[in-house]
Amino acid sequence: MDGGERRHDDPDGGEDREELAEEDHQDEHAGDEDDDGGEDELEEDRDDDPDRGGESVTIEITGLSLYTHHGVSEAEREVGQRLVLDLRLDVGETDATATDALEDTIDYAEVCQLVALLAQQRSHKTLERLCSVVADRLLGDYELEGVWVKATKPEPPIPLSVDEVSVEIWREAEE
């Protein structure tokens, strides 16, 4: 199947990514002389290794775009504006690298929902305060070693030509 074709057996018109990935993998290695399983065998061994795991993990969420009501001026808080949030969650050691289980790590979709709620339910005058509230809540709700939060205003309401303004905060978990 070439890249432009669609599968007709998928009701959404999308493609079954696992099947395509496997087909691509087979196509890439169709002419390989090594028939002993080489690389594939190594990947399987890594997945089944019970001693593997406990590796340090960082989760990054980039470009969470939300419509919010933060700002110093009354107009910013009343009318609102787009805000972009970037997050880095220092998860530390996690077994998810070996178990492939969501319960062994942090669900980033859940984190995005929480951050959206925090950014949209209340108005703050400064991005510093918003970042602080988000960082504190993430550290309180999840077992993290640290968290980095960056809030960016892509169109800041200032009378000069500026691409964006941003504030970032790094917090480490208390021992």
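A: Let's begin with how helix packing is described. Axes are lines fitted to C-alpha atoms, for helices over the stretch in contact, and angles run from 0 to 180 degrees between N-to-C directions. Helices (H or I, at least four residues) and strands (E, at least two) are DSSP runs, numbered from the N terminus. This is a predicted model, where local features need pLDDT of at least 70, side-chain atom pairs count only at pLDDT 80 or more, and totals for chains, interfaces and linings use all residues. Residues are numbered from 1 along each chain as its sequence is written, and side-chain values use heavy atoms, leaving out hydrogens and water.

Now to our pair. The axes of H5 and H6 come within 10 Å and cross at roughly 140°. That makes H5 oblique to H6, a word for angles left over once those under 35 degrees (roughly parallel), over 145 (roughly antiparallel) and 65 to 115 (roughly perpendicular) are set aside. The crossing of H5 past H6 is right-handed, meaning that the near helix is turned clockwise from the far one by less than a right angle.

Which residues meet here? From H5 come Val 111, Leu 114, Val 115, Leu 118 and Ala 119, and they meet Leu 130, Val 133, Val 134, Arg 137, Leu 138 and Asp 141 of H6. Contact means heavy atoms within 4.5 Å.

Two of these names return in the largest nonpolar core, which has 33 residues: Val 111, Leu 138 and Leu 144 touch the most other members. Such a core is a set of buried Ala, Val, Leu, Ile, Met, Phe, Trp, Tyr and Cys residues joined through side-chain atoms within 4.5 Å. Buried means under 20% relative accessible area, exposed over 50%, and partly exposed in between (1.4 Å probe, protein chains only). At least two residues of this core come from each of S1, S2, H5 (108-121), H6 (127-141), S3 and S4, and H6 gives the largest share, eight residues.

Look closely at Val 111. Leaving aside residues up to four places away in sequence, Val 111 touches Ile 61, Leu 87, Leu 89, Ile 106, Leu 138 and Tyr 142.

Arg 88 lies in S2 (residues 81-94) and Glu 60 in S1 (residues 55-68), so the pair ties together parts 28 residues apart in sequence. Glu 60 counts as exposed at 52% relative accessibility, while Arg 88, at 30%, is partly exposed.
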